[in-house]
Amino acid sequence: GWWVIAEACRQVRAWQVEYPQSPPLSVAANLSPRMFHQEDLINSVSRILTETGLEPSCLKLEITEGVMMQDGDGAIETLQDLRSMGVRLSMDDFGTGYSSLAYLQRLPIDVLKIDRSFVARMCEDNESLEIVRLVVGLAKTLGLTVVGEGIETQTQLDTLTELGSDLGQGYLLARPMSADLASAYLAN
């Protein structure tokens with residue numbers, strides 16, 4: 001896991017140098033439950049940022065709702081430590097766990113990602129659409145960026161845009177690609 005995060009940071013830093021822009025390119029990386037609970041988490045992230053030369057604000061660590069809920073105050077303290085370094089934090093797969101609104105309000109996160117299962121069903125299922133609408137509204141109320149996951153159709157993208165989603169990810173927008181293909185994508 002740490003190797004993957006280090007390589008992602010190294011690659012995005014190389015792209016920042018090759019394709020300078022404002023704001024600079026950033027990278028999102030999943031932080032596994034095992035990595036999140038390691039005692040040297042903060043030191044590992046700090047070491048990777050130092051070694052790669054990536055600004056902390058250009059790294060967004062994605063952590064699932066369940067991981068954040070497991071340790072309560074300990075998780076909040078860890079997240080606050082990461083955030084004080086300048087790293088951005090994202091709650092991944094929101095809506096699939098059991099977080100309370102009171103707990104969500106206490107989390108030092110920057111991004112709320114709507115789980116793909118809701119996005120996939122929102123154009124056919126009114127309940128899923130209303131859940132997505134509520135999550136977008138909640139994120140906006142809390143001052144969070146909201147991302148729709150798993151966008152595969154133009155209708156899904158249009159619906160998320162109309163609801164106020166800030167960002168989206170999914171096969172409609174871009175499929176997974178190698179570093180070489182991503183470089184060509186950035187060049188265009």
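Student: Which elements cover the buried residues of α9?

Tutor: Among the elements covering the buried residues of α9 are β4 (111-114), α7 (116-121), α8 (126-141) and β5 (145-148). Contact here means heavy atoms within 4.5 Å, and buried means under 20% relative accessible area, exposed over 50%, and partly exposed in between (1.4 Å probe, protein chains only). Helices (H or I, at least four residues) and strands (E, at least two) are DSSP runs, numbered from the N terminus. This is a predicted model, in which local features need pLDDT of at least 70 and side-chain atom pairs count only at pLDDT 80 or more, while totals for chains, interfaces and linings use all residues. Residues are numbered from 1 along each chain as its sequence is written, and side-chain values use heavy atoms, with hydrogens and water left out.

Student: Which residues of α9 are buried, and why do they line one face?

Tutor: An α-helix has 3.6 residues a turn, so residues three or four places apart point the same way. In α9 (residues 154-163), the buried residues are Gln156, Thr159, Leu160 and Leu163. They line one face of α9 because they fall within an arc of 95° seen down the axis, the arc being that of the directions from the helix axis to the C-beta atoms. The face turned away from this buried side carries the exposed residues Thr161 and Glu162.

Student: What follows α9?

Tutor: Gly164 follows α9, with a positive phi near 105°.

Student: Which residues of α5 are buried?

Tutor: Ala75, Ile76, Thr78, Leu79 and Leu82 are the buried residues of α5. They cover an arc of only 165° around the axis, which puts them on the same side of α5. Asp73 and Ser84 are exposed on the face turned away from the buried side of α5.
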